[in-house]
Amino acid sequence: MEIKGPWEVSFMNGMGSPSKTTFDKLISWSNHPEQSIKYYSGSAVYRKNISISKEMLGKNKKLKLDLGKVEIMSEVKVNGKNLGILWKVPYSFDITDAVKIGTNTIELKVVNLWVNRMIGDEQIPDSSERNKTNGGSLLSWPSWITEGKSNPTERYSFTTWKLWKKDSPLLESGLLGPVRIISEEHVVVDPGILISAK
């Protein structure tokens with residue numbers, strides 16, 4: 001069963017993105033039309049209610065939550081029960097003991113890499129003196145750092161070396177899916193029974 005339709009998505013405060021929004025469908029943050037989401041780096045929580053039928057939780061049945069593609073890792077909660085962190089393929093968990101018949105809440109905390117935020121910050125003028133001949137190493141510590149102040153620009157990141165350019169390609173980020181509930185029926189076979197085929 002593919003979980004389609006909108007997801008409520010909450011972003012971290014203080015990173016310029018909306019605290020809460022709705023994704024009508026699952027897309028990479030880097031493809032979002034809103035700039036604050038397009039260049040966002042950090043964590044975001046996807047929330048959705050799903051319905052589980054009596055038939056899906058029948059005898060010998062197991063349910064798996066398969067997230068499809070995730071960039072780059074996700075913490076999974078079902079009905080408030082923390083099932084752990086997924087950081088590589090396959091992005092799936094057995095959720096049999098966490099779900100109930102009827103309405104169930106899925107929460108997926110997804111974290112991406114820092115790259116897109118640094119590319120986004122390159123759209124904003126720098127407040128640091130940089131060496132233009134070797135790729136942007138720092139010439140001296142900016143006064144706002146040595147004086148313990150905030151960055152006077154709207155940048156969210158600061159590095160001693162320019163690792164990315166404003167036109168560098170963005171990385172895919174977020175929950176990409178498709179998200180599915182997979183029902184498995186476990187059959188126990190008596191080892192004493194000989195099965196032959198003719």
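Let's start with a term: a patch is made of residues with over 30% relative accessible area and no salt bridge, where like charges are joined within 9 Å and nonpolar side chains (Val, Leu, Ile, Met, Phe, Trp, Tyr) within 5 Å. A salt bridge is a side-chain nitrogen of Lys or Arg within 4 Å of a carboxyl oxygen of Asp or Glu. Accessible areas come from the Shrake-Rupley method with a 1.4 Å probe, and for residues only the protein chains shown count as cover.

This is a predicted model, in which local features need pLDDT of at least 70 and side-chain atom pairs count only at pLDDT 80 or more, while totals for chains, interfaces and linings use all residues. Residues are numbered from 1 along each chain as its sequence is written, and side-chain values use heavy atoms, with hydrogens and water left out.

**Exercise 1. Find the members of the nonpolar surface patch, then look at Ile 85.**

Step 1: The patch is formed by Ile 72, Met 73, Ile 85, Trp 87, Leu 113 and Leu 171. Together they have about 540 Å² of accessible area.

Step 2: Ile 85 belongs to strand β7, residues 81-86. (Strands are DSSP runs of E with at least two residues, numbered from the N terminus.)

Step 3: Ile 85 counts as partly exposed because its relative accessibility is 48%. (Buried means under 20%, exposed over 50%, and partly exposed in between, with a 1.4 Å probe and protein chains only.)

**Exercise 2. Work out which residues of strand β6 lie on the covered face and which on the uncovered one.**

Step 1: Strand β6 takes in residues 73-78. On its covered face you'll find Ser 74, Val 76 and Val 78.

Step 2: The uncovered face has Met 73, Glu 75 and Lys 77. Met 73 is also in the nonpolar patch.

**Exercise 3. Identify the strands that pair with β6.**

Step 1: Two strands pair if DSSP finds at least two bridges between them. β6 pairs with strand β9 (residues 102-111) in the antiparallel sense, over 6 bridges. Here Val 76 has Leu 108 as its bridge partner.

Step 2: β6 and β7 also run antiparallel, joined by 5 bridges. In β7, Gly 84 stands opposite Val 76.

Step 3: β6 and β7 make a hairpin with 2 residues between them. Asn 79 is in the turn, and its phi is positive, about 55 degrees. Most residues other than glycine have a negative phi, and most peptide bonds are trans. With 31% relative accessibility, Asn 79 counts as partly exposed.

Key:
Helices (H or I, at least four residues) and strands (E, at least two) are DSSP runs, numbered from the N terminus.
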